[in-house]
Amino acid sequence: MPSMASAAASSSSLAAIRHPHFLPAKHVSPPQPLTHPLPPRRPPRAQLVRGAASTPRTSQAELRPDSKNASALSAELRRLARAGRLPSALSLLDHLSHRGVPASASAFAALLSACRSLRHARQVHAHLRVHGLDTNEFLLARLVELYLALGAADDARGVLDAMPQRGTTAYSWNALLHGHVRRGRGEAAGPVADAFAEMRAAGADANEYTYGCVLKSISGSSRPSMAMATATHATLIKNAFAGAPGMLMTGLMDVYFKCGKVKLAVRVFEEMPERDVVAWGAAIAGFAHKGMKREALEHFRWMVEDGVNVNCVVLTSIVPVIGELRARNLGREIHGFVVKKFGERKDVAKVQAGLVDMYCKCGDMVSGRRVFYSSKTRNAVSWTALMSGYASNGRPDQALRCIAWMQQEGIRPDLIAVGTVLPVCTKLKALKEGKQLHAFALRRWFLPNVSLCTSLITMYGSCDCLEYSHRVFHDMDKKTVQAWTALVDAYLKNGDPLTAVDLFRSMLLTNRRPDAVAITRMLSACCDIGALKLGKEVHGHVLKLRMEPLPLVAAELVNMYGTCGDLNAAQRVFNRTESKGSLTCTSIIKAFGINQKHKEALNLFAWMLSNKFVPTKATFDVVLRICDAAGLHDEALGIFSSMVQEYKLEASQENFDCIIRLLAGAGRISEAQRFADLKSTLFNLPTPSLDFEQQ
């Protein structure tokens, strides 16, 4: 009775012989569709046609079951692997194994590149032994990297330990390190450091690719380790940068930027013997990432002066910096350079999307639209840049239309595009469009994305759909502080501060540490319900979290105590605030005004101006309301004039109404009428005829 192994082998061999590629021409039948739950995606038809044209056709006689044409069969294996038909390729490989026909190393390399599952990788590994290629260092190194990329660390370790020259060559170790980097997803620094230490202990000589993997693992980590960076730097100096100082010093500079050590990164950059476009681009991107916009522009100018040819990668880093600085003239120069240098190259699409974003940030929507519609390769990135520009320039309705227009062009919105439009729906209170975006995100498996869920909670809250906000929050796997805060804010905006307080307490019970935004929302709820005791509890959390020095939190504390009637506590918080500004000064002025201390509030306003604090529009609104409550018409006129003429701020209808009431109450009817006429002219209102004597 045959054993189970022989039965499996015979069934596998029969399956291989029945494959369409082994049948004679007159018996060829169309291949049946695969029933695998995740079938490999077939390449486009045009791609298949090109592949067929470039590959020499093999005669049916060479691919018959009794054929032993190894080169023709290996070529067929490569063709199937490159076409994504891995199950068919494995069936053919199984047939070759049973007939003793050797497959080439290049065929196995193509099979390893096509593997997407651990089961297929192990099958290819087994066939490597059968075909006598289990000593091929190149294939084994690729297998180690594949196992690590698929999450099979034990299998990768087994292959590495069985390699004959494991202790003397860096090739297999580099595959192990690169596999950890591919699999790491932000946490590869630890495994790579352990593997590198083991490699050095085994006596293998590290080369530039080894150190490149180590540096890439540190810079790609979610929390780059400065200790690992300095230790790697010392090792590189000891080994004379492994003969590749340009490449490794560029990687080291990127690591220091990611660690926040800008001075060390600049020192490495200055010590480079030769600076190519990659080194300059890394320096510019590092400065831009750290928010050092002026330094990024300076290095870009020095790069051009040194005669280094600018590529699209460098332009992609520098164009957003120009937009954030609102340097429109410099942006126009870069735009002209792109048109002259790159023309209609395919890799210029990202630069054109950056130009659209740059012009929109500079407030030049006309130029932004011109760049967008002149581009022949519009994609989701350029559409998102245009939508963001419309939203930031006061055209949310156009931003909402853009997401429909891009789909009419056959471009599907990605996660960033949906995340850009959801705040627009919040601003417009467009519930219908928001629900459509929610459904689209569900169909495209964008959810549960934390940022997207938070935007949905805010959008439903602004549209008075608290049930939907709560449902989205409940379905989140990872409830972040931002999501809790968005739900709290939704209940506050819908006039339910008590539920907001309960949600805040529930957040604390989940051991979530509230951020400054959550604290200010909670203090605002205390103001709404006049809960001084609860406000003191929140103040205790502020002290525990050491947030009182933050101007936003300090201003909200002053506002809470002033609204709840504890003026002394508001004064103490204001006095303890070291970094006073217009925000905290406005809060203490408002606190005194609420508690009928009008004279003291105006004295604080005078103190604020004498200490060179710049008042904002909110400050003038508060002070004018205090003058209105106290009946101080002359002071109000002076403050109004200062707001408009000295600080160049636009007066609102409420400001005009305040001045009109004060002047009318003081009997200055002609001046009140003049302000009323000016108000009607500025806001396109009908001209009133004030009859104060009858009032």
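How many nonpolar, polar and charged residues does the lining of the second largest pocket have? I shall come to that after a word on the model.

This is a predicted model, in which local features need pLDDT of at least 70 and side-chain atom pairs count only at pLDDT 80 or more, whereas totals for chains, interfaces and linings use all residues. Residues are numbered from 1 along each chain as its sequence is written, and side-chain values use heavy atoms, with hydrogens and water left out.

To the pocket, then. The second largest pocket holds about 340 Å³ of space. A pocket here is an open set of points on a 1 Å grid over the protein atoms alone, with protein on both sides within 12 Å along at least five of seven lines; a cavity is a set where a 1.4 Å probe fits but cannot get out; lining residues have an atom within 4 Å of a point. Points are joined across faces, edges and corners, and a volume is the space filled by probe spheres set on them.

The lining of this second largest pocket comprises 17 residues, with G212, L215, K216, M247 and G251 nearest its centre. By class, there are nine nonpolar, five polar and three charged residues. Nonpolar covers Ala, Val, Leu, Ile, Met, Phe, Trp, Tyr, Cys and Pro; charged covers Asp, Glu, Lys and Arg; the others, Gly among them, are polar. Helix 11, helix 13 and helix 15 (277-289) each supply at least two lining residues, and helix 11 gives the most, seven. Helices are DSSP runs of H or I of at least four residues, numbered from the N terminus.

Next, how helix 11 and helix 13 pack. The axes of helix 11 (residues 208-219) and helix 13 (residues 245-258) come within 9 Å and cross at roughly 15°. Helix 11 is therefore roughly parallel to helix 13, a term for angles under 35 degrees. Axes are lines fitted to C-alpha atoms over the stretch in contact, with angles from 0 to 180 degrees between N-to-C directions. The contact (heavy atoms within 4.5 Å) involves E208, Y211, G212, L215, I218 and S219 of helix 11, and M247, L248, G251, L252, D254, V255 and K258 of helix 13.

Finally, the structure holds one cavity of 30 Å³ or more. The largest cavity has a volume of about 40 Å³ and is lined by T458, G461, S462, A486, D489, A490 and K493. Helix 25 (450-462) and helix 27 (481-493) each give two or more of these residues, and the largest share, four, comes from helix 27.

Definitions and conventions
Parallel < 35°, antiparallel > 145°, perpendicular 65-115°, else oblique.
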